[in-house]
Amino acid sequence: MKKYSILLLLLMSLAWGCNDKAFLDKQPTNILVDSQIWADKSLVLSVIADLYDRVPEFQTITGWSEFASFDEGFASNAGDYGRHKNTEYSYGDWGNWDYGLIREVNMFIEKCGTADKLDPADKARFLAEGRFIRANIYFELVKRMGGVPIILEPLTYDFNGDPTYLRKARSKEVEVYDFIIKELDEIKVDLPKSSVIKSRATQGLILAMKSRVCLYAASIAKYGATTPTVTLPGGEVGIATGLAAGYYQKALTAAEELINSGDYSLYRKKENLSENFSNLFIDKGNNPEAIFVRDFKLKSGKVEGWTLVNQPWSQAEDLEGGRLNPSLNLVQSFEKLDNTYETYVTNKADGDYIYFTSPKDLFVNRDARLEGTVMLPGSFYKGKQLDIWAGFLLANGTVIKGDNFGARKTLPGKAAAEYVVGFDGPIDNLEFSAQSGFYVRKYMDLAVGSGQRGVMSEVWWIRYRLGEIYLNAAEAAFELGNNTKAATYMNKVRERAGLIIPLTEANITFDRIVHERKVELAFEGHELWDMKRWRLAHIIWNGQSTELTTSPGKSDQVSTRVFGMWPYKYYNPGGANDGKYVFQKIIPAQVTNAHRFRLGNYYSDINSTIRNNNPLITRNPNQE
Amino acid sequence: MKLQLIIILGVLSSFLYSCGLDNYDAPGSTLKGRLVYNSEPINVSYNDVTFQLWEPGWQKKAEINVAVDQDGSFSALLFNANYKLIIPSNQGPFRSKLNAETSSDTILVNLNGDKVLDIEVEPYYMIRNPLFTVAGRVVTGTFKAEKIITGVNAKNIDEVAIYVNKTMFVDFRSNVAVATLTGSAITDLNKISLNTSVPTLVPTQTYVFVRIGLKIQGIEDMIFSPIVKVNL
């Protein structure tokens with residue numbers, strides 16, 4: 001027993017020998033602490049890079065399937081067919097309430113404000129970037145939820161048992177927009193004025209974002225009047241009509257300041273206008289049009305798989321592809337070179353088919369953006385021709401087609417089996433085939449290997465580009481009654497797309513504005529927000545199964561289901577039209593229901609957990 | 001050995017018994033009824049019109065949503081309790097009526113056993129005397145649209161429509177044939193006529209279900225006539 005006591009005493013005296021402070025207070029080896037980060041510019045940069053990357057986005061190249069949620073595209077992927085079978089959008093759809101992220105940004109701003117080891121110029125820029133990210137998150141929130149509580153410092157609970165002092169009510173929708181505009185104005189001077197910086201905030205980006213934010217506020221004020229029930233008595237949802245003109249003016253001023261600065265210009269590097277338009281999105285070297293992007297880099301771990309998931313099956317570099325199929329609804333919206341709208345004419349007046357030597361002949365004399373956005377039957381990708389044709393149409397009207405890519409069958413009168421369907425489909429119910437008859441081209445990488453899972457792509461996602469700013473300016477000018485100016489700005493964008501007959505001021509209508517954004521900005525994540533702010537969403541996605549519109553230039557046409565158009569080869573040995581192509585407009589078999597956007601979808605649901613935790617939060621309208 | 005087994009089994013079966021002690025009884029009282037105007041049911045589209053039941057006194061607030069069926073009827077299986085019934089604003093093609101007991105649009109529902117409750121509301125329009133005739137495959141519906149709410153709160157007709165479907169779900173979503181007439185094109189509210197031709201049905205069916213729908217300007221939910229089965 002005594003022996004043990006001595007041993008114990010000996011051990012205790014050993015413990016005495018340690019310097020507790022130095023022994024227990026160890027610098028962690030697996031994370032960096034504040035004092036280390038705020039002393040080093042490059043470490044602060046990596047913190048803010050993380051925040052830049054976490055700003056919520058709805059439709060983007062890292063999530064192809066959301067592009068198939070509306071009428072721009074069909075989801076050719078077995079797990080996503082449900083997008084075309086739902087009858088209505090859920091009230092919670094595309095909602096966001098990420099105050100955790102806002103807290104982190106607020107902490108960044110707070111710590112940056114007290115950091116004393118940074119160069120003052122660097123510090124000012126980081127602070128401005130933090131506030132830009134916060135304004136950006138609030139913009140994402142107000143688009144989805146309407147007015148939200150504006151929290152500008154990291155809230156901390158003091159564990160006194162009563163958290164009610166942390167509860168903040170929702171601000172008015174207009175207050176959130178005003179807050180964003182004020183922040184953008186204030187931080188502008190601290191940011192660099194450089195068009196070379198694409199993935200961080202610049203003065204150009206501030207102007208671009210301001211024009212978009214003001215345009216959204218203005219159109220909610222103006223068109224919100226058409227849906228009087230989409231408001232809340234406290235102003236959390238809805239903006240007074242009288243404020244519209246002021247916001248339109250601000251949007252126009254900001255857009256014009258950016259345009260006139262000359263820092264950016266429309267992308268014109270290729271002679272072929274379609275190729276030029278598709279190159280705009282994938283050319284990362286000296287791109288004069290991109291203002292703000294989310295960048296990716298090969299072999300760095302931060303790559304994106306847009307090309308992998310959407311590559312044409314006939315030349316897929318891996319065992320997948322072809323998921324997003326642009327709809328005929330979109331494809332027929334691209335106008336003809338004489339500025340008129342026309343749906344595709346596949347049959348003559350007497351009902352007989354029109355026979356085309358090449359499947360591309362149907363699409364001639366159209367807006368160059370069509371081929372720049374969509375891969376049409378018979379067009380090329382990565383130097384190889386696409387193989388989109390649905391089967392053989394016999395003279396007696398029978399169709400011979402296969403049920404797998406490049407299936408083979410024996411045609412009547414022939415001895416050997418041959419291909420009866422293209423290697424890209426289209427085949428109903430077969431995922432990765434071009435079930436609408438088209439594949440997407442926007443953002444598709446041309447680099448070899450971009451379609452391999454182990455490589456993927458470093459094409460960036462453009463969040464702001466000058467083309468949109470021109471259209472923002474045109475829309476604001478039109479709403480302010482200055483059609484001449486609107487026409488000038490719109491013609492800039494249209495001329496780049498080969499529509500060289502200029503629109504006159506008499507041509508500028510609301511329908512034109514809506515249409516131009518639809519074709520210029522397809523698959524760029526604008527559709528939902530545009531339709532919401534114009535209060536058109538409940539009109540065009542009204543839940544009724546109507547046929548495809550014949551007036552694609554009108555803004556209020558119902559477009560609840562995605563349609564497609566399939567080319568067939570005509571088989572009539574000895575006949576004049578043997579081997580030529582005919583087209584049939586179809587509705588993919590998986591499209592069984594019509595989209596329905598209810599009035600309650602205009603502002604996403606703030607769920608009952610949030611409302612119970614903070615009873616000051618009011619519910620969004622029309623969701624009860 | 002045998003005794004041990006018996007004891008284990010005994011303990012286990014006592015666990016089963018405790019389930020009965022711990023759990024609530026399932027809700028057993030039915031609240032059912034109809035939305036009515038002067039005792040006539042209000043016909044609506046399925047899953048679109050709902051009202052809320054609130055049971056005060058709980059820490060967290062969450063409503064029980066009760067959906068109204070196409071013929072204006074509803075039914076909910078509930079616990080016995082005192083509920084507050086509210087039809088949210090912007091819900092349904094009607095306005096709530098002032099409840100004398102609460103001097104608001106809230107209706108107190110004291111549920112103790114099954115209960116039948118007809119809720120009186122004030123629709124903007126009622127569809128009167130709907131009559132359907134068939135000639136070949138063309139279904140014609142004639143009706144009168146009666147304007148119930150007049151004066152400053154009156155609302156105009158956005159659109160009227162005749163809907164035809166193979167099944168008993170008949171509205172703007174679920175139909176095989178539809179014909180519409182915009183409100184501005186209606187000349188006489190007392191005699192509105194619509195017709196549509198029924199496409200070939202696969203599999204063959206010798207009857208269809210039809211009804212008239214009326215959309216009011218600024219109101220999301222439509223009011224309908226009762227569903228009628230007609231033979232082709």
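In this predicted model, chain A is divided into three segmented domains, whose residue ranges are set out below.

| Domain of chain A | Residue ranges |
|---|---|
| domain 1 | residues 38-56 + 96-156 + 168-191 |
| domain 2 | residues 64-91 + 296-459 + 542-598 |
| domain 3 | residues 198-294 + 465-525 |

Between domain 1 of chain A and domain 3 of chain A, the C-alpha centres are separated by 25 Å, and the contact draws on 18 residues from domain 1 of chain A and 17 residues from domain 3 of chain A. On the side of domain 1 of chain A that touches domain 3 of chain A, the elements giving two or more residues are α6 (120-145) and α7 (173-187) of chain A; of the elements on this side, α7(A) gives the most, with seven residues. Sorted by class, this side of domain 1 of chain A consists of ten nonpolar, two polar and six charged residues.

B:L181 is placed in strand β14, which covers residues 177-182 of chain B. When neighbours within four places in sequence are left aside, the contacts of B:L181 are with B:E159, B:V160, B:I186 and B:L194. As for B:L85, this residue is 96 residues away from B:L181 in sequence, and the C-alpha to C-alpha distance between B:L181 and B:L85 is 36 Å.

How values were computed: Residues are numbered from 1 along each chain as its sequence is written. Chains are lettered from A and ligands numbered from 1 in the order in which they are written. This is a predicted model: local features need pLDDT of at least 70, side-chain atom pairs count only at pLDDT 80 or more; totals for chains, interfaces and linings use all residues. Domain bounds come from an automatic or database domain assignment. Two residues are in contact if their C-beta atoms, placed from the backbone, lie within 7 Å. Helices (H or I, at least four residues) and strands (E, at least two) are DSSP runs, numbered from the N terminus. Ala, Val, Leu, Ile, Met, Phe, Trp, Tyr, Cys and Pro count as nonpolar, Asp, Glu, Lys and Arg as charged, and the others, Gly among them, as polar.
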